[in-house]
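Subject: Handing over the two-chain model

Hi,

Here is the structure I promised to pass on. Have a look at it first, and then read my notes below.

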Amino acid sequence: MFGEQVMRVSQPATAASIPRNRHRRREAWWGMACVAPAVIGFLLWQLGPIAGSLFLAFTDWSIAGTPHWVGLQNFHRMFTADDLFYKSLSVTGIYTLASVPLSMGAAFFLALLLNRKMPGLTLFRTIFFLPSVIPVIAGSVVWLWLFNPDFGLLNALLGSLGVPKLQWIYDESTVLPSLILMNLWGIGPMMVIFLAGLQGIPRELYEAAAIDGGRTIHKLWHITIPLMTPTILFNLILSIIDTLQVFTQPYVMTQGGPNNASLLYVLYLYRKAFQELQMGYASALAWVLFVIVALVSFLVLRSSRRWVHYGGGEV
Amino acid sequence: MNCRLQQRRRTLLTHLCLLACLGFCAFGPGRLQAAGDTAELRFTYWGSPFEKQAIEKAVASFNASHPSIHVTGQHTAYAAYAEKIAALVAAGSPPDVAYLDYAQAFPYAANGKIFDLASFYARQPPDESLLESTYYRFDGGKKVIGTGLATGVVLMYYNKDLFDRAGVAYPPAAADQAWTWDKFVDAAKKLTRDRNGNNATNSKFDPDKVDSYGLSFPQSWWGYMSFIYSNDGQIASEDGTRLLLNQPADVQVLQALQDLIYVHHVCPKPTQSQNLPASDILMQTGKVAMGIDGMWKVLDYSKLHQRWGMAALPIFKKPVTIVISTPKVIFAGTKYPEQAFEFYRYISDPKQVELFKEGLWAPLEKRYYTDPALLASWLQGKAGVYPAEARDVVVDYTLNHAAPQPPVYWLKNIQQIMDEAVTPAVDLIWSGKTSAQDALNQAVRKATPLMQGRW
C-alpha cells in the first residue's frame, strides 16, 4: 500500500531529475524499511491471530487436541443453549449504558472546571489524572478494601452519616453499580481530551456572547457543547469500545460473582478460553462481541451526522 | 560515491536484519541444544516469591547433583499460569515437568498430552508408596497423570489471646476429641464481639457493628466440602453422572454455614473474606478468633508475632478433613521421561525442598508420616514452625481422617460445573437471600446437562 503511493510519486522521472529521483527512491526505500517492523508486527501478531480466531470460531478446538470443523455449532449453542451468554450480554449492556454516560458526564464536568483560570490548576489536573497512571490491578485491590462491608472505608464514612451497611460488590444487586462507581475513578484520559477540545474553542465567541448578554449557561449550551461535539463523539466511541471490553476489574474483584451478577462478557470469554479450555467456543464469543462493537460504533457514527458540528461547515 | 554509500547502507541493513534474526533464535522457543548428551528439561511452576526462592534453590541443587540432566525452572504468576501453559501447548512446545491446575490437567490428559506415570510408580519400592489421596488417576484408574506436588489438609487455626480474653477453652487438636458443631457454634458466639464489647450470646449484641468475629472460612469449595464428608454426604455420585449437593446431608451442612453468618452473626461472608487479607492477617489484627484454612498456612502463621494454635475441624457426624494436593505432571512430549521423573520426585522430596519444614507443604510419601526420624525431618526441621499439636492435626489427620478424594480428582468437566452451577448457587447461600435447599436445588438443576461422568 505504502509502496504503491511512493512509486507513483517517483514515476514522472525525466533525465534532468535523475539525481533527485534517485534520492527520492532511496528515501522511499528507507521509509518502507522504517515502517516494516510495524507492518510486519501487525500482520504477524495481530492480523494473523485475528484470522486464526475466525477459523477457530468454527471448530471445537480445546488447545490440546486438533481442531475439528463444526460449522455453526458454536454459534448455535451460544444463541440457543447458553444462558450465561445472555446473562453476560445483559450485564455488559447494563454496565455500558450506565457507565459511558456517567463517566463522560463526569469527565466533561471536570474538564469544564479545570479549564478555568485559577490558582493550583496544574495540581488539580494532576490529581484527577493520577488514578489513570496507577495500574488497574493495584487500583482494584485498593477498591476491594474501600468496598469491604465490615472493615472498609466507604461503609465507615457512610456509617458515620447514619447510612446502613451496604454490601457493595458482595451483593447481587449492588455489584454492578459499585463497579460503575469505581470506573469513575479512571476518567483521567477522557478528561484530558475534553480539556484539549475546550482549549480549541475560540475565545471571541464567548466574548461575542457576553456582549449580547449571554450568561454562563447560554455560553455552555450554545457555544461550548456544539463546538465540543467532535470531541464528544470521539470520546463516546472510544469509551463504548473500552467499556464493552472491561475485564480486569471484575476478574480481580468479583470473578463474575455473586451469582454471575458481574459476569461481564470478556470475563466469560476468558473463562471459556483459559479455564475451561474451550478455545473454539471462546473464539466464537469473541467474534460475536466484535460484531456488536462494530455495529454499535457504526450506529453512533451514523447518528453523529445529526448532532456533531465540525467547524468550517459541511465536509 | 553515492552508489558506495548506498551499498554501505544496504550492508548495514543486512547486518541489522541478521542480528535481529539471531536475537529471535536466541530468545525464541527453539533454543539451541546444549552440547553433549545432557538432558535439557524445562520446568514451569507458580508460587509466591518465597516459594520461588525455595524452588530455585532446589533446582540448582538438582542440577549440581545430576550432571547429565539440566533443568531450567520457569516461574509464572498463578494468575497468568493457565494461559502460559495453554500457549506453550498450542505452540507445540510444552514444558517437560509442570505444576498444573486440576481443571487443566485432565483435559490435557484426555488429549494425550500428559505422560502416564503408572509404570514408574508400579516399580517404586512399596515402602516409598504415596498417600492414596494424592494420585491423579485417569482412564478408570489405569493411568496416573500425576500426583500432587505436596499435600495439605484443611484444619482450623485459632488466636489464643482472643480465646483467653473470651474465657473459652482452646479447641482440641485430636480428631476424636474434636468439637461437635453445637459446641463450635457456641464458642464462636462467645468469641464474636461488637464495638461495645458485647459478645454474640448477649441480648444487647449489635450484629451490624461487629468488631471481631469468631470465625472466618474460605469461600472456595474446600472450605465446605470437608463438612459435607463429615456429615456422610457426597458431592457427586461415584460414576460422576449426578451432582448430589441437594441431598439432605449436604443441605444441612451448607444451611449450618449460612446460619453462622445470618443467624449467629459469628462470621463475615465468605465472599468478602475471599478478598479480605488471608485468615492469618485477620487473626493477627484481632479481627477473627478462628480461621478454617489449609495446612499450608502454617508458613504464614509461624511468622506472626502472636500466640496461635491448630485444631481439628468441628464435626457433624465424624471427624473428617480433605487432602488438597495440586497436580504436577510430566508432559508427553518430553524427550527424557526417565530424567524428567527423576526431577519430578526430587522436587517433591522433603529432603531437598525446604518448603516442607517451612510449613507450606506436607509430604506425599507415607513413610514421612509413620517413620519417626523422617517425620521429625520436616515437622521439627525448623524450630518454631509447626506447633506441638501438628502431630495430631497434620499427621494423624492426614493418615487417618482424610475423606476419599473430592471431585476435583476425578469428576469430568468440573471447572464448568463449578463455574456455572455450584459457585453461583453457593454465592446465593452466602448472600443470605436463598435457603441452602433452594440454592442447591438450582445448582443440581444447572449441573445436570453438564455432568459427563468421571475420568
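To get going: in which loop is the place of K366(B)? K366(B) lies between α13 (337–346) and α14 (367–370) of chain B; helices (H or I, at least four residues) and strands (E, at least two) are DSSP runs, numbered from the N terminus.

Before more on that, some housekeeping. This is a predicted model, in which local features need pLDDT of at least 70 and side-chain atom pairs count only at pLDDT 80 or more, while totals for chains, interfaces and linings use all residues. Residues are numbered from 1 along each chain as its sequence is written, and chains are lettered from A and ligands numbered from 1 in the order in which they are written.

Confidence
The predictor gives the complex an ipTM of 0.73 and a pTM of 0.80. For chain B the average pLDDT is 88, and 90% of the residues score at least 70 (pLDDT is the predictor's confidence in each residue, from 0 to 100). Watch residues 21–35 of chain B, where the pLDDT is below 50. Where pLDDT is low, the predicted coordinates should not be read in detail.

Back to K366(B)
K366(B) counts as partly exposed because it has 18 C-beta neighbours inside 10 Å. The scale runs like this: buried is 20 or more other C-beta atoms within 10 Å of a residue's own, exposed is 12 or fewer, and partly exposed is in between, with C-beta atoms placed from the backbone. Beyond its neighbours within four places in sequence, K366(B) is in contact with S129(B), L130(B) and L131(B); contact means that the C-beta atoms, placed from the backbone, lie within 7 Å. K204(B) is 162 residues away from K366(B) in sequence and 51 Å away in space, C-alpha to C-alpha.

Strands in chain B
Six strands of chain B make an open, mixed sheet in the order β2-β1-β3-β12-β5-β4. β2 (69–75) and β4 (135–138) are at the edges with a single partner strand each, so one side of each has no neighbour in the sheet. β1 (residues 39–45) runs parallel to β2(B), joined by seven bridges, and R42(B) sits opposite T72(B) there. Strands count as paired if DSSP finds at least two bridges between them.

Then there is β8 (residues 210–216) of chain B: six of its seven residues are buried, so the strand is largely enclosed by the rest of the structure. β8(B) has two bridges to β7 (residues 193–194), running antiparallel, with D194(B) opposite V210(B). With β9 (residues 288–294), β8(B) pairs in the parallel sense over three bridges, and L215(B) has M290(B) as its bridge partner.

Chain A and where the chains meet
After α10(A) comes G213(A), whose phi is positive, near 85 degrees.

As for the two chains, 25 residues of chain A are in contact with 30 residues of chain B. On the chain A side, α2 (18–56) and α13 (265–275) are the elements that give two or more residues. Of these, α13(A) gives the most, with three residues. By class, that side has eleven nonpolar, seven polar and seven charged residues (Ala, Val, Leu, Ile, Met, Phe, Trp, Tyr, Cys and Pro count as nonpolar, Asp, Glu, Lys and Arg as charged, and the others, Gly among them, as polar).

Cheers
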